[in-house]
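Biologist: I would like to go through the labels attached to this model and hear what stands behind each of them.

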Amino acid sequence: MNEALKVPTMAEFFAEGKQPEVLFWVGCAGSFDDRAKKITKAFVKILHRANVSFAVLGTEESCSGDPAKRAGNEFLFQMQAVTNIEVMNAYGIKSIVTACPHCFNTIKNEYPGLGGNYKVMHHTQFINMLLEDGRITMEGGSYKGKRITFHDPCYLGRANNIYEAPRNIIKKLDAQLVEMKNCRKKGLCCGAGGAQMFKEPEQGDKDVNIERTEQALETQPEIIAAACPFCNTMMTDGLKNKEKEASIKVMDIAEMIANAEDL
């Protein structure tokens with residue numbers, strides 16, 4: 001990157017008495033995981049290109065509480081959630097976009113019960129909206145004609161019925177979308193949900209991410225498109241297990257747009 005990416009904070013907006021169009025909720029993975037940071041940067045580049053007025057909470061953002069809740073620690077979840085809600089309500093935040101389906105699902109569906117009511121969008125929905133509104137345009141570029149299979153994240157697809165936004169974006173790249181046998185409502189988990197991301201799998205015949213990677217490989221893809229940092233990790237690990245990481249890439253939808261546009 002040539003110039004430093006400018007990422008304003010809500011505190012800066014607030015100090016100027018302004019309100020951004022949308023709060024970009026980065027999430028733990030997008031903040032701390034080296035691979036997921038690249039997704040965060042790609043999405044920020046897209047926001048800049050589309051002239052979207054956005055801000056992040058920065059150090060005021062805590063974990064959404066999804067892993068704690070899924071692991072059964074409701075008390076910790078409510079502490080994390082209420083802390084975040086108090087911060088966001090103090091800033092008068094109305095709209096949130098996030099690149100993590102776990103944060104998306106939790107803030108959209110669990111936060112209202114604790115006093116946090118926001119319009120929450122996943123980054124694939126937001127990018128699709130930007131494309132449809134003509135705020136960004138793109139050519140297929142390096143993805144034209146490439147065989148791409150899309151892995152549906154559980155918390156985006158089956159939990160929230162968002163299937164078309166990411167696929168619309170892939171089609172706009174002039175790529176060839178090839179579906180796995182388990183897709184959309186029949187999508188198979190990558191194996192990281194329910195806080196499984198942070199532990200070794202239980203004993204069994206085969207890890208879920210290996211099964212899912214095998215389904216992806218059956219489509220003979222050049223790229224496995226993901227829309228979740230957890231899925232990205234699990235599918236990448238699956239490719240390493242199959243010794244395919246040199247020939248097939250796992251890429252987030254945002255990265256593909258940023259690359260196609262050479263942002």
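Predicted model: local features only at pLDDT ≥ 70, side-chain atom pairs only at ≥ 80, totals over all residues.

Modeller: Residues are numbered from 1 along each chain as its sequence is written, and side-chain values use heavy atoms, with hydrogens and water left out.

Biologist: Why is F75 called exposed?

Modeller: Exposed means over 50% relative accessible area, buried under 20%, and partly exposed in between, with a 1.4 Å probe and protein chains only. F75 has 62% relative accessibility, so F75 counts as exposed. This residue is found in helix α5, residues 74–90. Helices are DSSP runs of H or I with at least four residues, strands are runs of E with at least two, and both are numbered from the N terminus.

Biologist: What makes the nonpolar surface patch?

Modeller: F75, L76 and M79 make a patch of about 310 Å². A patch takes residues with over 30% relative accessible area and no salt bridge; nonpolar side chains (Val, Leu, Ile, Met, Phe, Trp, Tyr) are joined within 5 Å, and like charges within 9 Å. A salt bridge is a side-chain nitrogen of Lys or Arg within 4 Å of a carboxyl oxygen of Asp or Glu. The areas come from the Shrake-Rupley method with a 1.4 Å probe, and for residues only the protein chains shown count as cover.

Biologist: Is Q80 buried or exposed, and how do you know?

Modeller: Q80 is also placed in helix α5. Its relative accessible area is 17%, so Q80 is buried. Leaving out residues up to four places away in sequence, Q80 touches S62, C63, G65, A68 and Y111, where contact means heavy atoms within 4.5 Å.

Biologist: And what is the case for T124, buried or exposed?

Modeller: T124, in helix α7, has 0% relative accessibility and therefore counts as buried. Apart from neighbours within four places in sequence, T124 is in contact with L156, A165, P166, I169, A227 and I253.

Biologist: Which residues of helix α8 are buried, and what do they pack against?

Modeller: In α8, residues 164–172, the buried ones are A165, P166, R167, I169 and I170. They pack against α7, β5, β6, β7 and α11.

Biologist: How do you know which strands pair with β1?

Modeller: Two strands pair if DSSP finds at least two bridges between them. β1 has 2 bridges to β2, in parallel, and V22 has F54 as its bridge partner in β2. With β3, β1 has 3 bridges, again parallel, and F24 stands opposite V97 there. Within β1, V22 and F24 point one way, L23 and W25 the other way, and all are buried.

Biologist: Why are β2 and β4 said to stand at the edges?

Modeller: The sheet is open, with 4 strands in the order β2-β1-β3-β4 and parallel pairing. β2 and β4 each have a single partner strand, so one side of each is left without a neighbour in the sheet. β3 and β4 are joined in parallel by 4 bridges, and S95 stands opposite K119 in β4. Helix α6 packs on this sheet, touching β1, β3 and β4, and its direction makes about 160 degrees with that of β4. Axes are lines fitted to C-alpha atoms, for helices over the stretch in contact, and angles run from 0 to 180 degrees between N-to-C directions.

Biologist: What is the order of the strands in the sheet that holds β5?

Modeller: The order is β6-β5-β7-β8, an open sheet of 4 strands with parallel pairing. β6 and β8 stand at the edges because each has a single partner strand, which leaves one side of each without a neighbour in the sheet. β5 and β6 are joined by 2 bridges in parallel, and R147 has Q176 as its bridge partner in β6. Helix α10 lies across β7 and β8, running at about 170 degrees to β8.
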